Amino acid sequence: MIDLRSDTVTRPSAGMIDAMTGAALGDDVYAEDPSVAALEARAAELFGKEAGLFCATGSLSNLLGVWLHTPPGREVLCDGYAHIARAEMGAHGALHGVTMRTWTSTAGRLVADDALAMLAVECGPYLVETACVAVEDTHNFGGGTVQDYDQLVAVTDGARAVGIKTHLDGARLANAMAVTGRPFSDYGRLFDTVSLCLSKGLGAPVGSVLVGTADDIARARVQRKRLGAGWRQAGMLAAAGSYALEHNVARIAEDHRSAGVLADAINAERPGAVAAPATNIVLIPTPAAPAVAARLKEAGVLISVLGPSALRAVTHLDVTQEECAEAGQLIGSLLG
Ligand SMILES: *Cc1c(COP(=O)(O)O)cnc(C)c1O
């Protein structure tokens, strides 16, 4: 099977497994797991933040990041197709009393003025007040869209000027960095908190880190425990995350080249079928998405159905360019 459903499907490499089996372990609820502590410290250092928190999922990192900034009954602003709005099962509202308003965009691309125009500041007893602005980079449902750095600067400056906090859903920030050429710290300096997935293109089996101030991360650690998500000897997973940060950030541009090969192969069969991918995600519009996905599965290629008329293929470190060329040819031949 060529599995292009998501970059979450990767298996740990031999080197990563070695790092995991050699990891020093302890009870992390007692703050005694050295491998977890090392990952958290390394992530914080990379982003130029005071502290980090290792979480089981990116959804949990986002849930805690938004919670830090948004008291019950106040709002977070985000894109209408943001992962926090669409794919976190309403957790921000269901668990934390956070309300959400969304801006619209083209392909998830942030226009800072559109977001800033929605800020609700000092509204008295009439309107919900904005507490947080959340941005996603790269933008998943937008098709792996890379945010323009100047827009990130503008939106975070504008929010900070009126006392509103900011959270970056950087699940795939490493993919964005491969395009902008900017380091983690350029993003860490803009946002109050950042979440980064280790289990997507970075290839770890599990996990995400949230970074922020020492005070914020201490509060998030308590809330994580309250949610039942404190963990014990998680060092094996953290060691995989540390390995991913060390070895798999620099290689991620290869996944973008694979996505280009995939898109070219689709378009060779069916000219103009897909747009050139921005990063590692190829969105494939087709009026018969579920049927095409079913045929592909029979032929040994797995891709995601995003809706009745949209498919998504994601490249990652467990698929080769040859496999992407083969899958692309097959996808192209089934479209139409
Ligand atoms: C995958 C993803 C997350 C977190 O997903 P989990 O499955 O909870 O780890 C958050 N934001 C974006 C943009 C994502 O693509």
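Biologist: How many residues surround the ligand, and which are the closest?

Modeller: In this predicted model, 13 residues surround the ligand, and the closest are Gly58, Ser59, Asp169, Arg172 and Lys200.

Biologist: What does the polar side-chain atom of Arg172 lie 2.8 Å from?

Modeller: That atom of Arg172 lies 2.8 Å from an oxygen atom of the ligand, and an N or O atom in the side chain of Lys200 is 2.9 Å from an oxygen atom of the ligand. Gly58 takes part through its backbone, where a polar atom is 2.8 Å from an oxygen atom of the ligand.

Biologist: And how much of the ligand's accessible area does the protein cover?

Modeller: On its own the ligand has 380 Å² of accessible area, and the protein covers 84% of that.

Biologist: Which pocket does the ligand sit in?

Modeller: The ligand sits in the second largest pocket.

Biologist: Which helix gives the most to the shell around the ligand?

Modeller: That is helix α3, spanning residues 58-69, which gives three residues to the shell.

Biologist: What is the shell like by class?

Modeller: Counted by class, the shell around the ligand is made up of six polar residues, five charged residues and two nonpolar residues.

Biologist: Changing topic, what domain does UniProt place at residues 3-283?

Modeller: The UniProt record, which is an unreviewed entry, places the feature "domain: Aromatic amino acid beta-eliminating lyase/threonine aldolase" there. Over residues 3-283 the chain is 42% helix and 15% strand, with the end C-alpha atoms 15 Å apart.

Biologist: Now the backbone: which residues does a cis peptide bond join?

Modeller: A cis peptide bond joins Asp137 and Thr138, with omega at about -5°, and Thr138 is found in the loop between strand β5 (130-136) and helix α7 (149-161). For context, most peptide bonds are trans.

Biologist: What about Ala31, is its phi positive or negative?

Modeller: The phi of Ala31 is positive, at about 60°, although Ala31 is not a glycine.

Biologist: Where does Ala31 lie?

Modeller: Ala31 lies in a loop as well, the one between helix α1 (14-21) and helix α2 (34-47).

Note on methods. Residues are numbered from 1 along each chain as its sequence is written. This is a predicted model: local features need pLDDT of at least 70, side-chain atom pairs count only at pLDDT 80 or more; totals for chains, interfaces and linings use all residues. Side-chain values use heavy atoms; hydrogens and water are left out. A residue is near a molecule or strand if one of its heavy atoms lies within 4 Å of it. A polar contact is a pair of N or O atoms within 3.5 Å; within protein, one must be able to donate a hydrogen and the other to accept it, and residues adjacent in sequence count only if both atoms are side-chain atoms. Accessible areas come from the Shrake-Rupley method with a 1.4 Å probe; for residues, only the protein chains shown count as cover. On a 1 Å grid over the protein atoms alone, a cavity is a set of points where a 1.4 Å probe fits but cannot get out, and a pocket is an open set with protein on both sides within 12 Å along at least five of seven lines; lining residues have an atom within 4 Å of a point. A molecule sits in a cavity or pocket if more than half of its atoms lie within 2 Å of its grid points. Helices (H or I, at least four residues) and strands (E, at least two) are DSSP runs, numbered from the N terminus. Ala, Val, Leu, Ile, Met, Phe, Trp, Tyr, Cys and Pro count as nonpolar, Asp, Glu, Lys and Arg as charged, and the others, Gly among them, as polar. UniProt positions are given in the numbering used here, feature names are shortened, and annotations may be inferred rather than shown by experiment.
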